[in-house]
Amino acid sequence: MKGLLPVFCRPLGYVLLIVSVFIPMLLYMFGMVTDTNFVLVKVAMKLVIWVSLFLVFLSRARDEDAECAVLRSKSMQIGLGIWAVYYMVVLVKAAWDGDAQEADNSVGIVYMVINVVCMEFLFQKRRIEKNFRKKN
């Protein structure tokens with residue numbers, strides 16, 4: 001799976017991710033989040049998180065090659081496996097607690113976060129291995 005978006009989308013995605021985490025907290029601290037707009041703030045935060053994670057995951061690497069496509073695909077496979085285990089644990093915990101609302105959470109966002117973390121780990125591992133091979 002090749003990167004679909006330009007290279008600058010990766011840092012932009014990380015900036016949006018940071019903004020989506022801290023802006024709602026600041027809005028709450030200044031009393032701008034109320035009962036009437038809480039759902040809107042929550043939905044907006046989740047949408048920005050989705051967009052930022054897709055920007056990071058689908059952007060091309062600086063040195064994009066066939067190996068990057070393999071790493072991106074591998075990160076999706078690893079992420080899907082970890083997400084499946086996480087989701088099963090959440091569902092069993094929700095059943096154990098008798099809480100139907102707990103089963104309806106943001107597992108899709110967790111999956112994308114795991115994908116991005118796996119991809120970044122694999123990219124950094126590849127970069128370190130390339131540098132190590134050059135030195136030897």
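**Helices and pockets**

Mentor: Start with handedness: H1 passes H2 in a left-handed crossing. Bear in mind that this is a predicted model.

Trainee: At what angle do the axes of H1 and H2 cross?

Mentor: Look at the two axes, each taken in its N-to-C direction. The axes of H1 and H2 cross at roughly 160° and come within 7 Å. Angles over 145 degrees count as roughly antiparallel, so H1 is roughly antiparallel to H2.

Trainee: Which residues of H1 and H2 meet?

Mentor: On the H1 side, look for Cys-9, Arg-10, Leu-12, Gly-13, Tyr-14, Leu-16, Leu-17, Ser-20 and Pro-24. On the H2 side, the partners include Val-41, Met-45, Val-48, Ile-49 and Leu-53. By class, this contact of H1 with H2 has 14 nonpolar residues, three polar and one charged.

Trainee: Now H2 and H5. At what angle do they pack?

Mentor: Their angle is about 25°, and the axes lie 10 Å apart. Angles under 35 degrees count as roughly parallel, so H2 is roughly parallel to H5. The crossing of H2 and H5 is left-handed.

Trainee: Which residues of H2 and H5 make the contact?

Mentor: H2 brings Lys-46, Ile-49, Trp-50, Leu-53, Phe-54, Val-56 and Phe-57. H5 brings Gly-108, Ile-109, Met-112, Val-113, Asn-115, Val-116, Met-119 and Glu-120. Sort the residues of H2 with H5 by class: eleven are nonpolar, two polar and two charged. Ile-49 is also among the H2 residues that meet H1.

Trainee: On to pockets. What volume does the largest pocket have?

Mentor: For a pocket, ask about volume, then lining, then class. The largest pocket has about 350 Å³. Its lining holds 16 residues. Nearest the centre of this pocket are Arg-10, Ala-61, Arg-62, Asp-63 and Gln-124.

Trainee: Which elements give two or more residues to that lining?

Mentor: They are helix H1 (9–29) and helix H5 (107–135). H5 supplies the largest share, eight residues. By class, the lining of the largest pocket has nine charged residues, five nonpolar and two polar. Arg-10 belongs to this lining, and Arg-10 of H1 also takes part in the contact with H2.

Trainee: Which residues line the second largest pocket?

Mentor: The second largest pocket has a volume of about 150 Å³. Pro-24, Tyr-28, Val-33, Thr-34, Asp-35, Phe-38, Val-41, Lys-42 and Met-45 form its lining. H1 and helix H2 (38–58) are the elements that give two or more residues.

Trainee: Which element gives the most to this lining?

Mentor: H2 does, with four residues. The classes in the lining of the second largest pocket are six nonpolar, one polar and two charged.

Methods:
Residues are numbered from 1 along each chain as its sequence is written. This is a predicted model: local features need pLDDT of at least 70, side-chain atom pairs count only at pLDDT 80 or more; totals for chains, interfaces and linings use all residues. Side-chain values use heavy atoms; hydrogens and water are left out. On a 1 Å grid over the protein atoms alone, a cavity is a set of points where a 1.4 Å probe fits but cannot get out, and a pocket is an open set with protein on both sides within 12 Å along at least five of seven lines; lining residues have an atom within 4 Å of a point. Grid points are joined across faces, edges and corners, and a volume is the space filled by probe spheres set on the points. Ala, Val, Leu, Ile, Met, Phe, Trp, Tyr, Cys and Pro count as nonpolar, Asp, Glu, Lys and Arg as charged, and the others, Gly among them, as polar. Axes are lines fitted to C-alpha atoms, for helices over the stretch in contact, and angles run from 0 to 180 degrees between N-to-C directions. Angles under 35 degrees count as roughly parallel, over 145 as roughly antiparallel, 65 to 115 as roughly perpendicular and the rest as oblique. A crossing is left-handed if the near helix is turned anticlockwise from the far one by less than a right angle, and right-handed if clockwise. Contact means heavy atoms within 4.5 Å.
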